[in-house]
Amino acid sequence: MPWQPEEIALFELVDEINGTFYELMDISRNATTKEIKNKYKELAMIIHPDKNPDTEAEFKQLAAVYNVLKDKKGRANYERVLEEGLPEYRMPAMYDRKVQIVRHIGLLEGIFTLFVLATFIQYGMHWAAYLERKMNRQAEKKPKVKKAKKTGPKEAETEKEEEDETLGPKPTVYDTLPFQVYELCKQVPTLPAYCQGMYEDYRQRKEEEKKEKEELEEEMKLYEQKKLERKQRKASGIKSAGSGTESS
C-alpha cells in the first residue's frame, strides 16, 4: 500500500534526528502525555528563537517531535518504526507492515513488463492498420456495386483475390515482438557471414568506383591531350601559311 503523507513526514523526521524522540526531549519512553507537554514547555523556553536565534533549527525539530508524541496515532506510528525499523520509503515499493516485506521492481522485471506491453501495443496497431485498409477498400468499392452484380463467379473470385492482395495478410501473433526477436536470434549464427558478405560488397563497390574514377581521369587526360595536339597542329598550320606568304 502507498505511504500516507503523515507517514512520510514521520520517516523524514526520524531520518533527520540523531537518536530517538525521547532522547531528544530527555524523557522516558513510558512518559505520559502530560509529562511530554510539560517537558516541551520547559525546553521551548530555553531554545526559543526569540531568545536565541541560533537555535531556530533545534526548536523546529523539537516542535515536530512534540507534535508526533502528543498525538496517539502519531506516537503509535513512531513506536512501530522503533520496533520494526525505518523502511526504505524513498524507493518505489510495496510495504506490508504485517509480514515485513519490501518488494522493489527490479530491472529485469521492468524490462519484461515493458516487453509484454510493447507486444500488446504492436499487435493492436497491426490490427488497427489492417481494419483501416479494409474500411478504405470497402468505401472505394461502394460506387462499383451495380457493375459488380453483372460479373460472373470467376470475375468475383478474381476481385476477391486482388482485394486480399491489396489488404495484405491478416495480423497474427507471429508478427509480434517475441517471435520477431526469436527469428532474429535464429539468424545470429549467420551474422558473421552476413557481415563479411556486406563488407565484401562494400569493398567491391569501392573498388569499382575507384576503377571508374581512374578510367574517367584517363579519358579526361586523353581528351586534354587530343585538344592540345589539335591546338598545336592548328598553330603550326598558321605558321606554315605565314611563311609561304612571305616567301612569295
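Of the 248 residues in the protein chain, 17% are buried, where buried means under 20% relative accessible area, exposed means over 50%, and partly exposed covers what lies in between (1.4 Å probe, protein chains only). Keep in mind that this is a predicted model: local features need pLDDT of at least 70, side-chain atom pairs count only at pLDDT 80 or more, and totals for chains, interfaces and linings use all residues. Residues are numbered from 1 along each chain as its sequence is written, and side-chain values use heavy atoms, with hydrogens and water left out.

Now for the layout. The protein chain has 10 helices and 2 strands, taken as DSSP runs (H or I, at least four residues, for helices; E, at least two, for strands) and numbered from the N terminus. Read from that end, the order is α-α-α-α-α-β-β-α-α-α-α-α. As for contacts (heavy atoms within 4.5 Å), take those between residues at least 6 apart in sequence: 62% of them join residues at least 24 apart.

Helix 6 is worth a look. It covers residues 107-141, 35 residues in total, and spans 51 Å from first C-alpha to last. That is close to the expected 51 Å, which is 1.5 Å times one less than the number of residues. Its buried residues are Thr119, Gln122 and Tyr130.

Finally, the cysteines. Cys185 is partly exposed at 48% relative accessible area, and Cys195 is partly exposed too, at 42%. Searching the whole structure for disulfides (pairs of cysteine sulfur atoms within 2.5 Å) turns up 0.
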